[in-house]
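Colleague: Hi! Could we go through this model together? I'm new to reading structures.

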Amino acid sequence: MIFGRIKPLDAILATAEKKSLHRSLGAVQLMLFGVGCIIGTGIFVLTAAGAQKAGPGLMLAFAIAGAICIVAALCYAEIAAMIPVAGSAYTYTYSVMGEFLAWSVGWALVLEYAVAASAVSVGWSGYFTGTILNEFMGVELPSYLAGAPLALGGIPGGFVNLPAIVIALLVTWLLMIGTNESARVNAVLVAIKVTALTAFIILTLPAEEFSTGQFNPFLPAGLFGGFGSGVGAVGAAATIFFAYVGFDAVSTAAEETRNPQKNVPIGLIGSLLICTIFYILVAAGAIGTIGGQPILGPNGIPFPAGSEELARQCALPQYAGWLVCSDEALAHVLRQIGYSTIGNFLGIAAFVALPSVILVLLFAQTRIFFVMSRDGLLPEGLSKIHPKWKTPYVVTAITGVVVAFAAAFLPVGKLADIANAGTLYAFMMVAIAVMLLRRKEPARHRPFRTPFLMLIGPATVFGCLFLFFNLPIEAMLVLPIWGVIGFVIYFAYGYRKSHLGQGIVEVHESEIQDIDPAIPGVDDADRI
């Protein structure tokens, strides 16, 4: 029975204890790791897409998405502290609900990490083109190299997003050769991003241009635009949920954390609270200064974010300065209110810091693929380690090419929606795993227990389903279609080749210690 193949939890935990990795990360480092991954394209770029869906209600959308993330984080915190090994939601599901559902989660995580990396690449491209090339170098990149085709929601005359391809492949190459982002570099990049957002808040909230009138109407598309519409405050929350993607990557660092039972929950929840506060204040500053009303269609409903119709409207002179039409939203706001120099510096901050987000996302994706391959669910060749670089170069290269291809031809809004579909499914499965594990093994030691689990667990499941059904209909359809493809692969290969299915219960997560680079943000000096 496919539902009976459950990876022994005791074997996983025993393997984790035998690993020689030095547990060096404390709560503050872990929180910096989480903030560093979370604060990225979501706030620097998706501010525009969110405003097109909800108008000033974007502030409420950030609160809705943040609240759902917090209850999900509480579930993550319990199981990540119990099972501090690689594999994230995939491993958690494997140890509780079995191989078949674990495969579905691992396959869905491709939509979370790989597609999210594509979205961040597109976001980086906007700041590179607008700030570095246009503002500093006076270079206008040809339209056919600056964005995706108009028919796919890109720009007029667009064909391919060359900068997005370049940054995706560059980060992939760095991961392949084993270049590791040190803890000090990670801390500097986090400081740059936080400083940039703090400066934005300080300059916009008290600005002369700030007016409460910009918030009226507050909900131009309503609170709830309808299932599958992707508009309204809830529809915007479903899209900008992407702005919080990354907190679950903290759980992949649990195996190198001092006292994970205490520090992982602090890292997860602390990074979420910090980012939620920043997001709401940044949204208030942007909307209060230059406005954030959406461009409405003839039916009075906002044009879909990332659509050809919206791209055509944004190409018109009367909408050129609107927030919803900017590819570098925050830098654009500062330029509009007379802070061009600081706006350019903010653009530089995004240009410098966003590649670190791509690095973390690609790192997490390749490591999950690595674990799945070591479990026999994917071909062993994918987990092949390069003799010189000591990295899983095959799966890293494949992932990087897919990320670059998606970044080349799709706008950031569509990529974010697709990434959210996989993310929401994975988060829901983690919540279910926590509740099942409480029932199946109530006596097992839980250093951190999710408070009021009978409320928090169902709230997480309901919240994830609710946001999923408020994604645009085409994004909703991606997950089941992707899932069918995954199940074909599983039954054609994974079901027969699975180590657990063949009676091999050896747990392979420990082998991650033998590959490089380590968790981004961990100094080599901290490792044994």
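Colleague: How does Leu60 count at 31% relative accessibility?
Modeller: Leu60 counts as partly exposed, because its relative accessibility is 31% (buried is under 20% relative accessible area, exposed over 50%, partly exposed in between, with a 1.4 Å probe and protein chains only). This is a predicted model, where local features need pLDDT of at least 70 and side-chain atom pairs pLDDT 80 or more, while totals for chains, interfaces and linings use all residues. Residues are numbered from 1 along each chain as its sequence is written, and side-chain values use heavy atoms, without hydrogens and water.

Colleague: Thanks! Which helix holds Leu60?
Modeller: Helix H5, residues 58-82 (helices are DSSP runs of H or I, at least four residues, numbered from the N terminus).

Colleague: What about H6, how many of its residues are buried?
Modeller: Nine of the nine, so helix H6 (residues 88-96) is largely enclosed by the rest of the structure. Among those buried residues are Tyr90, Tyr92 and Tyr94. Just after H6, Gly98 has a positive phi of about 100°.

Colleague: New topic: how many salt bridges are there?
Modeller: A search of the whole structure gives five (a side-chain nitrogen of Lys or Arg within 4 Å of a carboxyl oxygen of Asp or Glu). In one of them, Arg438 pairs with Glu78, with the closest N and O atoms 2.8 Å apart. That pair links distant parts of the chain: Arg438 sits in helix H17 (residues 412-440) and Glu78 in helix H5, 360 residues apart.

Colleague: Is Glu78 buried or exposed?
Modeller: Buried, with a relative accessible area of 1%. Arg438 is buried too, at 18%.

Colleague: Which residues form a network of salt bridges?
Modeller: Glu135, Glu328 and Arg335 are linked that way. Between Arg335 and Glu328 the closest N and O atoms are 2.9 Å apart, and both of these residues are buried.

Colleague: And which residue does Glu441 meet in a salt bridge?
Modeller: Arg444, at 2.6 Å from N to O. Here Glu441 is partly exposed at 26% relative accessibility, and Arg444 is partly exposed at 21%.

Colleague: Last one: how are H4 and H11 arranged relative to each other?
Modeller: The axes of H4 (residues 46-54) and H11 (residues 232-240) come within 8 Å and cross at roughly 160°. Axes are lines fitted to C-alpha atoms, for helices over the stretch in contact, and angles run from 0 to 180 degrees between N-to-C directions. H4 and H11 are therefore roughly antiparallel (over 145 degrees; under 35 is roughly parallel, 65 to 115 roughly perpendicular and the rest oblique).

Technical notes
Helix = DSSP H or I, 4+ residues; strand = E, 2+ residues; numbered from the N terminus.
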